[in-house]
Amino acid sequence: MIDASRQKLLLLGMPASQIQKVIQRGKPDLTVPVFSNYSGHIQQAGSAGSMGSSPQSAPAMASNNAVTAELPLKEGMYLQKGQNIFSVYNPNRTWALINIFSEDIALVSKGQSVMIIPEANPENRFKGIIGFIEPFFRQGSKTVTARVYFDNSTAKIPVGSQVKAEIMSHNRMADWLPKSAVVSLGIDKIAFKKVEGGFIAHKVVTGAVVGDKIQIVSGLLPEDGVAENAQYLMDSESFIKINR
C-alpha cells in the first residue's frame, strides 16, 4: 500500500524529496505544498488564460495585452481536476517577430544571421538566428513574419518591445534587370523585349528585389535586349497583349 501510494503521488507530480520527508516524519500532512515545475512571470490566472494550456512548451513573445490584476484564487477555494490555475511565462525564452515585405521574401531563409536592435536601447543590440518563417500572410498584413529565437536572460528586453532588424543576406547569382524595365499587370509581369522593328510586351517571372534591381527567374535569355524603362512604352489607356 505504501509503494502504491508513493507511485500515485509521483504520478500526480509530487516531488520524490517531498514524499520522502512525509515518510521520515511518519505523520500525515493536512496541507500539501504544490510546486510548479516552471519559473517565470504569472501573466494570467484561473480561467482567464487564452495563450494555450502549456505556455512553457514554446517561447512566449506573442501579444501580451493582459493587465496585471489581483489573482482570483484564494485560500480555501475548490479546484477542479485539470483546471488551469496559472499561466506562467518564462521571459528568458523569447523570440522576436520580424516583418518581411513580399519582394524580400526570396532573400530570407531559415538559419540566416540577424542583428536585433531594440528601439528603446539601440546600444543593446545582439545577434540571433532565424528559426522559423511563417508560411502565410497575416490577416490585413502584406508582410511575412520570421521568428528569431534568442536567450533573453542576458539581453533583458521587456516582452512586447519594438525592435528593428538587420538581416545578413546570402549572395545570390542570378539574372537582374532594373526595376523600371519590368511592369506589373497584377498577376503577370512584363518587360518590353526588343525585336526587329521595335519592342513587344513579353511575360517574365520575377524573384527578389534588391535596391533598384529585380531578379528575372524566367522569360528572358541573357542575350535578349529589353527597354530600360518600360513605362515609356505604355500609358494608362494601353491594352497590352502579352507575348508568351
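## Salt bridges

Asp188 counts as buried, at 15% relative accessibility (buried means under 20% relative accessible area, exposed over 50%, partly exposed in between, with a 1.4 Å probe and protein chains only). The model is predicted: local features need pLDDT of at least 70, side-chain atom pairs count only at pLDDT 80 or more, and totals for chains, interfaces and linings use all residues. Residues are numbered from 1 along each chain as its sequence is written, and side-chain values use heavy atoms, with hydrogens and water left out.

The structure holds four salt bridges, each defined as a side-chain nitrogen of Lys or Arg within 4 Å of a carboxyl oxygen of Asp or Glu. One of them joins Asp188 and Lys203 at 3.3 Å, N to O. Asp188 lies in the loop between β9 and β10 and Lys203 in strand β11 (residues 198-210), so this pair ties together parts that are 15 residues apart in sequence. Helices (H or I, at least four residues) and strands (E, at least two) are DSSP runs, numbered from the N terminus. Lys203 counts as partly exposed, at 30% relative accessibility.

Another salt bridge connects Lys193 with Asp224, with the closest N and O atoms 3.9 Å apart. Lys193 belongs to strand β10 and Asp224 to the segment after β12 (213-218), 31 residues apart. Asp224 is partly exposed, with 25% relative accessibility.

## Sheet with β8 to β12

Five strands form an open sheet in the order β8-β12-β11-β10-β9, with antiparallel pairing; two strands pair if DSSP finds at least two bridges between them. Its edge strands, β8 (175-178) and β9 (182-184), each pair on one side only. β9 and strand β10 (residues 189-195) are joined in the antiparallel sense over three bridges, and Val182 has Ala191 in β10 as its bridge partner.

## Sheet with β3 to β7

Another open sheet of five strands has the order β3-β6-β5-β4-β7, and its pairing is antiparallel. At its edges, β3 (93-101) and β7 (163-167) each pair on one side only.

Strand β5 (residues 126-137) pairs with strand β6 (residues 143-151) in the antiparallel sense over five bridges; Ala146 in β6 is the bridge partner of Ile133. Glu134 forms a salt bridge with Arg147, the closest N and O atoms being 3.2 Å apart. Glu134 lies in strand β5 and Arg147 in strand β6, so the pair ties together parts that are 13 residues apart in sequence. Both Glu134 and Arg147 are buried.

## Helix α1

Just after α1, Gly13 takes a positive phi of about 105°.
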